[in-house]
Amino acid sequence: MTDGQLDLPFDTPYQMGENPLLWTPRDIWVRLSQRLMSFLGEDRRIEYKRAEKVHFDDFTTYLSAFSNTPDGGTIVFGATSKGEATGCAAAGINLRNRLEQCHTKMCPQAKPEVKIVPVVIEGSEDYCIAIYIPYVGKLVETNKGEAWIRYGDSRHKMSDEERRDFRATRQELSFEMEKAPYKYPDEFDLKIINDFCDKFREREGRKNWTNEEILLDRHLVSSDGKSVAPLNSLVLLAAKDPLKTIPGCRVRIQRFATDHEGTGNTYSPIRDKFIEGNLVNIIAGSTELIEDLNYDVTWLNKDGKFVTTPEYPKWAWHEALINACVHRSYSFSGTEITIKFFPERLEIESPGGFVPPVNENTIYKTRASRNHHTMDALRYLGYVLMAREGTRRIRESMQDWGLPDPQFKQEAIYGVVVRVTLRNDHETRKRSTDRDVAQFFGVELWKSLQEHEIKIAAYAFRNKTIQVSEAQRLTGRTWSTSKKDLERLARKGVLIFVQGEFQRDPKAHYAINNVFS
């Protein structure tokens with residue numbers, strides 16, 4: 001090194017300003033070299049395999065997995081898991097031939113591309129075999145009838161339900177367009193159907209269209225010219241008993257006292273209820289229960305004032321609920337949507353993965369739907385905005401309340417789910433639930449209080465003190481009435497009056513009676 005110079009680590013196999021983390025699997029395959037391999041370890045895009053003993057059944061699962069994963073993937077034979085070249089020459093030319101021909105018999109729908117990457121090992125020329133496996137866009141199965149997919153840096157064998165959902169989201173097969181074994185109109189809620197048809201006629205100017213013409217046009221029924229057959233899309237929208245054929249058509253709503261569900265003896269939700277029926281009834285019933293479980297909190301807003309609101313804004317959780325109902329996979333017939341309240345977060349889990357090209361990084365700018373016709377019908381009924389608007393509304397409503405942005409994540413734990421997480425930022429807020437307050441004062445006393453008295457007592461519990469003007473603002477009652485409310489709570493022993501230095505001193509207030517502590 002010359003005096004005055006810095007020894008900077010610029011010896012990289014890519015140009016300054018490039019970020020190899022943003023390269024696609026094909027970018028990696030095209031530019032692959034021995035130096036690049038040493039910089040790129042295994043991740044979701046690339047796998048390395050030694051060439052001494054190749055397991056072709058295992059290789060076949062990669063052919064299926066990368067073919068079913070957006071962007072595909074690259075697999076390199078003749079290297080360690082860290083990208084250190086070990087070479088393929090010793091394995092003989094037969095290895096290359098077998099790798100190139102493997103897919104024709106063992107995974108014929110895959111479309112691999114093969115190239116040789118020259119390498120030098122201990123001064124001797126050798127080579128690696130790099131295979132790029134592109135995303136095909138329809139389900140690719142092995143000769144054993146198995147289908148695999150890539151989640152993160154691991155392979156996952158798809159269940160029958162997952163394969164069915166995969167086909168549905170790639171337009172190979174649509175669950176909502178399948179004929180349903182229901183009698184029309186006997187087994188359907190005609191009020192919902194009439195409301196939908198009236199909204200359609202009004203919005204589209206089709207005043208002379210019959211209900212049947214509208215249902216046919218909106219792909220909710222099919223017809224052979226003699227009779228009308230309901231489709232699954234109509235079952236989801238308006239069947240009296242959709243659980244007869246779609247047992248997962250329900251929402252489970254739970255509230256937990258701790259940050260984890262617990263297991264066995266520790267599993268004890270405060271509330272646990274199922275909301276069943278068609279989507280119109282599910283949305284209405286779930287909305288009512290969530291509003292009841294969405295406890296009030298008091299927090300300091302950007303204007304420096306304490307305000308009392310529910311833990312989460314309705315725009316956020318309501319849009320997340322509707323998105324789950326509309327975009328979930330009903331091919332996962334035995335799995336319901338779950339909504340779980342924890343002290344510091346709310347989780348909405350929807351069966352099925354993201355619908356390509358949507359993922360957690362493109363959720364705010366990309367549109368795609370799994371149940372398009374069902375979503376369209378709910379849009380006429382006023383439940384659904386366009387896809388991107390719903391997710392944006394969730395984020396914006398959380399930001400308006402000073403809460404963290406929602407998290408959208410796909411996971412494969414007990415089947416593939418998309419989880420939306422809303423956090424209430426409870427550590428920076430003075431948080432208290434009605435349940436907590438009731439335990440503090442005693443349940444029997446709490447039950448005896450009127451609704452406006454509960455609001456006052458809960459506010460005083462959170463803030464330790466309360467003045468008449470605060471009680472007035474909290475309940476919407478007059479100043480003199482609020483004064484009487486506070487005096488009544490003092491007589492009940494809930495509050496004590498703390499007098500100021502002189503009459504009508506603004507420092508005078510009511511405080512929590514410490515006898516309950």
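This is a predicted model: local features need pLDDT of at least 70, side-chain atom pairs count only at pLDDT 80 or more; totals for chains, interfaces and linings use all residues.
Let's start at the largest pocket, where H5 gives the biggest share of the lining, four residues. Residues are numbered from 1 along each chain as its sequence is written, and side-chain values use heavy atoms, with hydrogens and water left out.

A few terms, then. Helices (H or I, at least four residues) and strands (E, at least two) are DSSP runs, numbered from the N terminus. The search runs on a 1 Å grid over the protein atoms alone: a pocket is an open set of points with protein on both sides within 12 Å along at least five of seven lines, a cavity is a set where a 1.4 Å probe fits but cannot get out, and lining residues have an atom within 4 Å of a point. Points are joined across faces, edges and corners, and volume is the space filled by probe spheres set on them.

So, that pocket holds about 970 Å³ of space. Of its 36 lining residues, Thr69, Pro70, Arg150, Asn359 and Gln410 are the closest to the centre. Strand E5 (148–151), helix H5 (160–169) and strand E15 (407–412) each put in at least two residues.

Now stay with H5. Which of its residues are buried? They are Glu162, Arg163, Asp165, Phe166, Ala168 and Thr169, where buried means under 20% relative accessible area, exposed over 50%, and partly exposed in between (1.4 Å probe, protein chains only). They pack against E5, strand E6 (154–157) and E16; contact here means heavy atoms within 4.5 Å.

Two or more lining residues come from each of H10, strand E14 (345–351), helix H12 (387–400) and strand E16 (416–423). H10 gives the most, with four.

Take Leu422: beyond its neighbours within four places in sequence, it contacts residues including Tyr312, Ala316, Trp317, Ile394 and Met398.

Tyr184 and Pro185 are joined by a cis peptide bond, omega about 5°, and Pro185 sits in the loop between H5 and helix H6 (190–204). Glu122 isn't a glycine, yet has a positive phi of about 50°. It is in the loop between strand E3 (113–121) and strand E4 (124–133), and it counts as exposed because its relative accessibility is 80%. Lys464 also has a positive phi, about 75°, and lies in the loop between helix H15 (451–463) and strand E17 (465–466).

Last, how confident is the predictor? Going by pLDDT, its confidence in each residue from 0 to 100, the chain has a mean of 86, with 89% of residues at 70 or more. Over residues 1–10, pLDDT stays under 50, and the model has three contacts there beyond four places in sequence.

Methods
pLDDT is the predictor's confidence in each residue, from 0 to 100.
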